[in-house]
Amino acid sequence: MRKKLMALLLAASMVVGMTACGSNGGSVSKNSAKDVSGKYDETTIDGIKYKKAKDITSDKIELTYYHFDQDETVKYLAKRFMKIYPNIKVNVKYQNVAKYNDSLLTMVSNKEAPDVIMFSDADFALNNRLVMDISSYWNSDPETKEVASTVNDCGLGCYGTEKRYAVPVKFFPGVMYVDRNVLSTLNVKTPSRNWTWDDMIKLIKDTTVKKSSDGMAYYGCGYYNRLDSYYGIAAKQTVQGEFGFDGTQFDLTAWAKGEQQFAELKQGGYIAPQTQTLDMESWMGDFDAWCGASSHVALFTEAFWTYQGTWATKAFQKYNLDIVPYVIPAVSKDDASKDHHSIATIDFGGVTTSCKYPREAYELLKFMSFGQDGWKTRIELYNDESQKNSKGLALKYDVMPAPITTNSDIWNDYIKMYCKGMDDEHVKLWKEYFASCMQPIPYGWTSIAGYWNYCNEYFNKIDIHNKVDSGEKKAADYVDEATRKANWYHAKAMLKYFGKSGYNVLSDADIAKYEKMEKANK
């Protein structure tokens, strides 16, 4: 899917790079503030107290929000935003992920660019200069001091510059799910909540039983996400991105250890068959079956949304499951003993370069993403299970994200809503998990300049995962070349996106640094 999105970019990048800036005239209204004053009036709507910013224009304006989020949720949020700011009309435009970039480029080319957009592929947004620098708003907004620590510490949304171009819109923490019923059946001890990477590997091996008493094999791990992606972040706290990215350059040494370890688990038969394979048909008797419904897998590397969207639904109550969350373990015992970085899925958003009312657009973006008032509204919506999507599913179960704010009131209300119907023990486990996952590091394509170009044109193209998984190659065979290529792609992207022909925000020293990196790794 990601490859498809980047292909759309390549077809139109020559045109859009020139038209994205100022496609709606490009002039910012003099009535749109240049920063966030932090002054508010309090207003109450449907029993919820909101902070109505005093520095929002009194002009009657329209803002367009373009997204690939859950559409009914976004429309609900937009209606509430318009009640708070009745002079602002919000036009919501949804597009599915497969067509999203292509449709956005068409809108820009037709000079119909939206004011606020979501995006996942950083190279797409930055190459086309679709989003403006919103540093003045972010830096003056008190709420940005109350977000997950890595957002500011690692400059997530700044892309290696001193400027901010994006904010986290949807946050899905990384999680390991453990089925305690499987552990009980196999008489395997439940792991510590502060487990290490080695503890997890041992659990996977201990719970793989090919000849069981019921005649159906047990597997230690069912995967949606590969363990090598997790390992690269779990290896050490200085890592700020996939493939050992430290904020400036890559080092795939740690990735190779995780890649090789995962490949050896697959080769050793510790990983459950995937859906729509002959192995799955042989194991569960159904080609289309899913290991998450087998009651014979101990640990899952599933997405955060799988619990509420699948395991917590009534349809899954018939399976003998006791799924509980664990933080993705750190490699070292010291890191594992405290809160630590862990990989997460984060979709970003920004204000477009053509927006005439950037202060107001920033407030809308904030409401749709990390803002506390927006999250009050989301929780109200998720609590009302009569609010459903087009398929009749309550919105709580339709890819619901987690708050990236650290505000305790928001989190208390979120956990109460999320854990509705759970017993005290399970509520406690979820509270522990949520407290431990607030140092997220996003997947590279969303947060590192040049990352997806590197994956699309090199890493995935030469099929590294399959070659290592099959035993044809060792992960260590690729470390030197893959590191060199990653640094070359990153340096090239930094110069293109942020150098003199792009946003033009790099210092002479930065330009010299990236030119040297590009030359050294060519």
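The model is predicted, so local features need pLDDT of at least 70, side-chain atom pairs count only at pLDDT 80 or more, and totals for chains, interfaces and linings use all residues. Residues are numbered from 1 along each chain as its sequence is written, and side-chain values use heavy atoms, with hydrogens and water left out.

Let's start with the sheet. Four strands make an open sheet, in the order 8-9-7-10, with mixed pairing. Helices (H or I, at least four residues) and strands (E, at least two) are DSSP runs, numbered from the N terminus, and two strands pair if DSSP finds at least two bridges between them. At the edges sit strand 8 (219-223) and strand 10 (323-326), each pairing on one side only. From one strand to the next, the twist averages 25°. Strand 8 pairs with strand 9 (residues 297-301) in the parallel sense, over four bridges. Look there for Tyr223, which stands opposite Thr301 in strand 9.

Helix 17 (residues 424-436) lies across strand 7 (176-179) and strand 10, at about 25° to strand 10. Such angles run from 0 to 180 degrees between N-to-C directions, with axes fitted to C-alpha atoms, for helices over the stretch in contact. Contact means heavy atoms within 4.5 Å.

On a 1 Å grid over the protein atoms alone, a cavity is a set of points where a 1.4 Å probe fits but cannot get out, while a pocket is an open set with protein on both sides within 12 Å along at least five of seven lines; lining residues have an atom within 4 Å of a point. Grid points are joined across faces, edges and corners, and a volume is the space filled by probe spheres set on the points.

The second largest pocket holds about 680 Å³ of space. Its lining has 24 residues, and Tyr307 and Trp311 are among those nearest its centre. Helix 12 (residues 305-311) gives the most to this lining, with three residues.

Helix 2 (71-84), helix 14 (358-368) and helix 15 (372-383) each give two or more residues to its lining.

Leaving out residues up to four places away in sequence, Thr73 touches Arg378, Leu381, Tyr382 and Leu395.
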